[in-house]
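Here are some exercises to work through, each with a solution in steps. Have the sequence and the 3D view open while you read.

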Amino acid sequence: MSIKNLFVIGAGFMGMGIAQNAITSGIHVTVYDITEDSLIKGRKTVENMLQKNVKKGKMTEASMQDAVSRLNTTTVISDCKDADFIIEAAPENEGLKISIMEEIDKYAKADAIISSNTSSISITTLASHLKNPSRFVGMHFFSPVPLLNLLEVVKGLQTSKQTIEETLSFGEQLGKVCILSKDEPGFIVNRMLIPMLNEAFFLIERGVGSIEEIDLGMRLGLNHPMGPLELVDMIGLDVELAVMEVLYSEIGDPKYRPAVLLRRMVAAGHLGRKTGRGFYIYHEDGTRTPNLDLL
Ligand SMILES: NC(=O)c1ccc[n+]([C@@H]2O[C@H](COP(=O)([O-])OP(=O)(O)OC[C@H]3O[C@@H](n4cnc5c(N)ncnc54)[C@H](O)[C@@H]3O)[C@@H](O)[C@H]2O)c1
């Protein structure tokens with residue numbers, strides 16, 4: 001079954017990335033957010049990204065206009081009623097996601113698949129708040145969504161085989177390579193990534209290396225395209241802390257316990273690129289310098 005109408009919940013970094021990916025794959029997308037401001041900002045981001053692709057010769061002006069014409073936005077959640085597929089990409093907070101599920105369940109078509117892009121919250125738990133948990137699945141995208149080809153499809157205890165098959169096929173429609181994960185904390189990728197990022201924070205706390213040295217170490221030593229500190233700045237330190245808290249509380253192993261430095265940076269509002277300051281300071285001219293206050 002080919003998906004025609006997608007409803008995305010949350011016009012943030014991930015929600016708009018998913019929307020951009022979908023509209024350029026020929027799918028009609030409605031993005032829902034609680035504020036009009038987020039939707040305006042989100043639409044502008046997608047238009048700017050596509051405009052850059054036109055300048056680089058990756059797409060034509062006509063195909064860009066065509067893609068943009070498939071993007072709608074709304075602050076009315078019942079607009080999900082025509083969607084074949086729903087992806088929730090609101091903040092990483094279990095209570096919030098549960099309240100969204102309960103709301104969506106009132107309006108979604110009976111045969112629509114409902115999914116969450118959660119990085120850490122149990123798919124089985126979220127599904128249990130729906131009338132039909134067999135139609136609920138985890139869809140964990142990677143940022144920036146239009147550029148990273150991986151999609152983790154997460155099977156909750158109640159997710160049906162048919163839902164998994166349709167989700168894998170939708171992933172292909174979006175041009176993704178899918179891997180299937182059980183509903184374990186952190187799924188496959190974050191289970192490995194989170195302890196590595198935490199170690200990078202500990203290295204800063206102990207003064208073992210500088211911000212740039214730690215990033216260079218992983219870029220050049222292991223051929224990672226980004227170092228851990230620049231990566232967490234892109235993901236958002238608040239998102240990373242929320243994910244670590246879930247992994248630590250569910251698994252209990254101290255390797256998942258968030259470094260104090262991460263907690264302090266989030267408390268200070270130093271969330272990475274989105275606030276202009278994280279492990280690096282992001283300047284208006286597009287350059288960045290290491291945040292020396294941390295050392
Ligand atoms: N940032 C990443 O790299 C990354 C990667 C994979 C998965 N995720 C997951 O994706 C989800 C979103 O993360 P993000 O980085 O896009 O966050 P974000 O903070 O950039 O965006 C969240 C958006 O949700 C909106 N929102 C808040 N409450 C809402 C509600 N009740 N209903 C609808 N929208 C609401 C906010 O206005 C905001 O626009 C999280 O679950 C996160 O764990 C993030």
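**Exercise 1.** Find how many residues of domain 1 are in contact with domain 2.

*Solution.* Start with the bounds: domain 1 covers 5-182 and domain 2 covers 191-294, as given by an automatic or database domain assignment. Next, apply the contact rule, heavy atoms within 4.5 Å. With it, 7 residues of domain 1 touch 6 residues of domain 2. Two notes on the source: this is a predicted model, where local features need pLDDT of at least 70 and side-chain atom pairs count only at pLDDT 80 or more, while totals for chains, interfaces and linings use all residues. Residues are numbered from 1 along each chain as its sequence is written, and side-chain values use heavy atoms, leaving out hydrogens and water.

**Exercise 2.** Work out how much area domain 1 and domain 2 bury between them, and which residues of domain 1 lose the most.

*Solution.* Buried area is the accessible area (1.4 Å probe) that two parts lose on being put together, summed over both. Here that comes to about 540 Å², with 73% of it on carbon and sulfur atoms. On the domain 1 side, Phe-13, Glu-92 and Ser-120 lose the most, together 59% of what that side buries.

**Exercise 3.** Describe what surrounds the ligand.

*Solution.* First, count the residues with a heavy atom within 4 Å of the ligand: there are 26, and Asp-33, Glu-92, Lys-97, Ser-119 and Ser-143 are the closest. Then zoom in on Lys-97: an N or O atom in its side chain is 2.8 Å from an oxygen atom of the ligand.

Terms used: Polar contact = N/O pair within 3.5 Å; in protein donor to acceptor, adjacent residues only side chain to side chain.
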